[in-house]
Amino acid sequence: MAVRHYILDFKLCGQADHAATVRGLQSIFQEQEMTETVHDTEGHGYLATFVGKNGRFAVLRVHSHGLVTFDLQCSEGDDLAQVDNLLNALEKKLKTVLHGDIQRVKRLPVLRRGAEVDRYWPTADGRLVEYDIDEVVYEKDSPYQNIKIMHSRQFGNILILNGDVNLAESDLPYTHAIMGSGRERYAGKEVLILGGGDGGILCEVVKLKPKMITMVEISFYTSIYFTQAQYMQAPREHLGF
C-alpha cells in the first residue's frame, strides 16, 4: 500500500518564537491523539516528531533562520477527510500564531510514495514532474537499457528509457517537424534514419512511399519486436504510430 506525504511550509520575515509556535499547536496534536517526541537539535531550532495510533507520522521543524516546516505521512487507506482537516487546522493555527511574520505559505500537492504505478519522473535538469499515469503498459530490460511504456490520460502512452521520458503519443507534431513538416518529399527516395528506435519516424516515412528505408539503431528492443513486414511492433501497438 502506498504512503501519502503532505508538505506544509511557512517562510517567515524573521526568526520564529519556538516556544510560542509549539505551544499554539499542541492542542491540535492532542485532539488527533498524536504522541510528541522532542529531539535535540544542538541549538538549531526546534524539532519534534508525532506518532498517531492510526500510523500517522509527522515532523514539525521550527528552523532558526525563519522557516517552519511540517511533514505528514499516512497510509493510502487512511481517512483522507481527517487528514485534510488536520492540515487545515495546522495552517489556520500557524497563521494565527505567526500573524504578521509570515512572508509566504506553501502547501504542496500530496506525494504518493511507493504506489504500484510510479507517477513521478525527473527531468534532465533535475526537476521532478508528476504525470497522470494510471497504467504500466509494457516493461522490458534490453542489453542496453530499461524500457517502459506508461499510459497517461493527458499525453497518451509515454516511452521511458532508463528512467528518462523519451516521447509520448502527443509528440507526433514533433516527429513531423523532424521530417520537415511536409516540405520534404520522400516519395521514391532512399531514406536513412539514424536512431529513432521508438519507430515514430519510420512509421510516418513509410506512409510517404519512399523507395527504400535504412534504419540504424543500437537497440531494436526499444520497439520490442522488429521485422521488415511489421516495422516497429511496440510503437504501433502502444504508441499509436
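In this predicted model, Phe29 and Phe70 are both buried. The two rings form a tilted pair, since their centres lie 6.0 Å apart and their planes meet at 40 degrees. Together with Phe50, Phe29 and Phe70 make up one aromatic cluster. A search of the whole structure gives three aromatic pairs.

The largest nonpolar core consists of 27 residues, and Phe29, Leu60, Val68, Phe70, Leu72 and Leu90 are the residues with the most contacts inside it. At least two residues of this core are supplied by each of strand E1 (3–12), helix H1 (18–31), strand E3 (46–52), strand E4 (57–63), strand E5 (67–75) and helix H2 (80–97), and the largest share, five residues, is provided by H2. When neighbours within four places in sequence are left aside, Phe29 is in contact with Met34, Phe50, Leu60, Phe70 and Leu90. Apart from the core of 27 residues lies another core, of eight residues, which includes Val117, Tyr131, Ile158 and Ala168.

Strand E5 also contains Thr69, a residue that is buried because its relative accessible area of 13% falls under the 20% cut-off. The side chains of Thr69 and His63 are joined by a polar contact of 3.4 Å. With neighbours within four places in sequence set aside, the contacts of Thr69 are Leu8, Asp9, Val59, Leu60, Arg61 and His63. Gln82, by contrast, is located in helix H2 and is partly exposed, with a relative accessible area of 37%. The C-alpha atom of Gln82 is separated by 9.1 Å from that of Gln32, although these two residues are 50 residues apart along the chain.

A further aromatic pair, that of Tyr131 and Phe155, was then considered. In general, a pair of aromatic rings is described by the distance of the centres and the angle of the planes. The rings of Tyr131 and Phe155 are edge-to-face, with 5.9 Å from centre to centre and 70 degrees between the planes. Tyr131 is placed in the loop between strand E8 (128–130) and strand E9 (133–141), whereas Phe155 is placed in the loop between strand E10 (146–152) and strand E11 (156–161), so the pair ties together parts that are 24 residues apart in sequence. Tyr131 counts as buried, at 16% relative accessibility, while Phe155 is partly exposed, with a relative accessible area of 29%. Tyr131 is also one of the residues of the eight-residue core.

Backbone geometry was considered last. Most residues other than glycine have a negative phi. At 46% relative accessibility, Ser181 is classed as partly exposed.

Terms used
Residues are numbered from 1 along each chain as its sequence is written. This is a predicted model: local features need pLDDT of at least 70, side-chain atom pairs count only at pLDDT 80 or more; totals for chains, interfaces and linings use all residues. Side-chain values use heavy atoms; hydrogens and water are left out. A nonpolar core is a set of buried Ala, Val, Leu, Ile, Met, Phe, Trp, Tyr and Cys residues joined through side-chain atoms within 4.5 Å. Buried means under 20% relative accessible area, exposed over 50%, partly exposed in between (1.4 Å probe, protein chains only). Helices (H or I, at least four residues) and strands (E, at least two) are DSSP runs, numbered from the N terminus. Contact means heavy atoms within 4.5 Å. A polar contact is a pair of N or O atoms within 3.5 Å; within protein, one must be able to donate a hydrogen and the other to accept it, and residues adjacent in sequence count only if both atoms are side-chain atoms. Rings of Phe, Tyr and Trp (its six-membered ring) pair if their centres lie within 6.5 Å; planes under 30 degrees apart count as stacked, over 60 as edge-to-face and the rest as tilted.
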